[in-house]
Amino acid sequence: METAKLTVRLPKDELELVKHYARDHGVTVTALIGRYFSRLQTVPPTPIHPDVARFTGLVPPYVDARELHREYLEAKHG
């Protein structure tokens with residue numbers, strides 16, 4: 001298999017976590033990332049639960065649900 005170089009920038013703490021995880025599991029960071037991407041190709045996307053799908057589209061796109069919720073909480077606890 002032909003390989004190519006990839007540079008990835010991560011926050012330092014996340015990079016340390018990946019390095020420790022790889023070392024603890026006896027693999028390289030490269031192998032760990034390769035496995036992750038291979039898995040992305042083989043795992044089918046999780047279907048939307050039927051109960052969630054039923055609600056899709058019930059709230060019109062012009063409704064600001066966050067603002068309505070904030071107003072409700074303000075009136076309730078105001």
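Visitor: What share of the 78 residues of the protein chain counts as buried?

Guide: Of the 78 residues, 3% count as buried, where buried means under 20% relative accessible area, exposed over 50% and partly exposed in between (1.4 Å probe, protein chains only). This is a predicted model, in which local features need pLDDT of at least 70 and side-chain atom pairs pLDDT 80 or more, while totals for chains, interfaces and linings use all residues. Residues are numbered from 1 along each chain as its sequence is written, and side-chain values use heavy atoms, without hydrogens and water.

Visitor: Why is phenylalanine 37 called partly exposed?

Guide: Its relative accessible area is 44%, so phenylalanine 37 is partly exposed.

Visitor: What makes tyrosine 36 and phenylalanine 37 an edge-to-face aromatic pair?

Guide: Rings of Phe, Tyr and Trp (its six-membered ring) pair if their centres lie within 6.5 Å; planes under 30 degrees apart count as stacked, over 60 as edge-to-face and the rest as tilted. The centres here are 5.6 Å apart and the planes stand at 65°, so the pair is edge-to-face. By this rule the count is 1 aromatic pair.

Visitor: How do you know that arginine 54 lies over the face of phenylalanine 55?

Guide: The rule asks for NZ of Lys or CZ of Arg within 6 Å of the ring centre and within 35 degrees of the ring normal. Arginine 54 lies over the face of phenylalanine 55, at 5.2 Å from the ring centre.

Visitor: Why is the protein chain called more spread out than a compact globule?

Guide: The elements run α-α-α-α from the N terminus on. The radius of gyration is 22 Å, well over the 12 Å of the globule rule for 78 residues, so the chain is more spread out than a compact globule. This radius is taken over C-alpha atoms, and the rule is 2.2 Å times the number of residues to the power 0.38.

Terms used
Helix = DSSP H or I, 4+ residues; strand = E, 2+ residues; numbered from the N terminus.
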